[in-house]
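Work through the two exercises below with the structure in view. Each task is followed by a stepwise solution.

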Amino acid sequence: MAFELPPLPYAKDALEPHISARTLEFHHGKHHAAYVTNLNNLTKDTPLASKSLEEVILAAAADLPAKQGIFNNAAQVWNHTFFWNCMTKGGGGKPSGKLLARIESDLGGFDKFKEDFKNAAVTQFGSGWAWLVEANGKLEITKTGNADLPLAHGKKALLTVDVWEHAYYLDYQNRRPDFVQAFLDHLVNWDFVAKTLA
Ligand code: MN3
């Protein structure tokens with residue numbers, strides 16, 4: 001069974017005005033789709049073709065640089081599917097309950113989380129991702145370059161924002177900080193993050 005492009009979990013215009021339908025049309029319909037096509041081409045007729053996406057990522061990560069192409073495309077398929085689920089119409093604001101308590105105890109409070117997450121996203125040089133992860137039983141903020149992801153480092157992803165230029169250029173041009181601020185204020189699906197943590 002070939003790897004497939006999962007549908008967006010909402011309509012293409014659901015995240016407007018913060019992320020336009022046009023951005024999602026390209027980002028999901030072209031970029032994410034291309035990673036799926038590339039991954040299928042690279043794993044065709046190999047034992048990896050029948051593995052789960054996570055298994056492919058881990059197998060490729062253990063065999064770098066030989067499997068860099070497979071790693072890049074498999075990780076980008078995973079990252080984008082996860083990123084879509086991290087957002088929702090009318091999202092943002094503040095989490096509650098156990099998740100908020102963990103952010104307060106592990107990350108120095110919700111305001112500090114927002115500041116540090118935004119800083120990670122803005123200071124990732126070039127293409128990559130900013131993350132909220134769980135590692136060794138503690139929440140952490142981290143960033144990765146290009147396709148790299150927490151799974152390859154033994155960490156559990158809880159929230160991510162894509163800071164490749166294709167994620168925001170049509171709507172924000174070079175203003176990555178404004179995009180990340182809009183993500184935090186209006187888009188984060190905290191219910192999804194809480195469910196992933198549990
Ligand atoms: Mn992207």
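**Exercise 1: the sheet**

Glu134 has Leu139 in strand 2 as its bridge partner. The model is predicted, with local features needing pLDDT of at least 70 and side-chain atom pairs 80 or more, while totals for chains, interfaces and linings use all residues. Residues are numbered from 1 along each chain as its sequence is written, and side-chain values use heavy atoms, without hydrogens and water.

Task: In which order do the three strands form the open sheet?

1. Strands are DSSP runs of E of at least two residues, helices runs of H or I of at least four, numbered from the N terminus; two strands pair if DSSP finds at least two bridges between them.
2. Strand 1 (residues 128-135) and strand 2 (residues 138-145) pair in the antiparallel sense over eight bridges. In strand 2, Ile141 is the bridge partner of Leu132.
3. Two residues lie between the strands of this hairpin, where Asn136 takes a positive phi near 50°.
4. The order is 2-1-3, with antiparallel pairing. Strand 2 and strand 3 (156-162) each have a single partner strand, so one side of each lacks a neighbour in the sheet.

**Exercise 2: Asn79**

Task: Is Asn79 buried or exposed?

1. Asn79 is found in helix 3.
2. Its relative accessibility is 0%, so Asn79 counts as buried (buried: under 20% relative accessible area; exposed: over 50%; partly exposed in between; 1.4 Å probe, protein chains only).
3. The side chain of Asn79 reaches the backbone oxygen of Ala147 at 3.0 Å.
4. Beyond its neighbours within four places in sequence, Asn79 has contacts (heavy atoms within 4.5 Å) that include Trp129, Trp131 and Thr160.

Definitions and conventions
A polar contact is a pair of N or O atoms within 3.5 Å; within protein, one must be able to donate a hydrogen and the other to accept it, and residues adjacent in sequence count only if both atoms are side-chain atoms.
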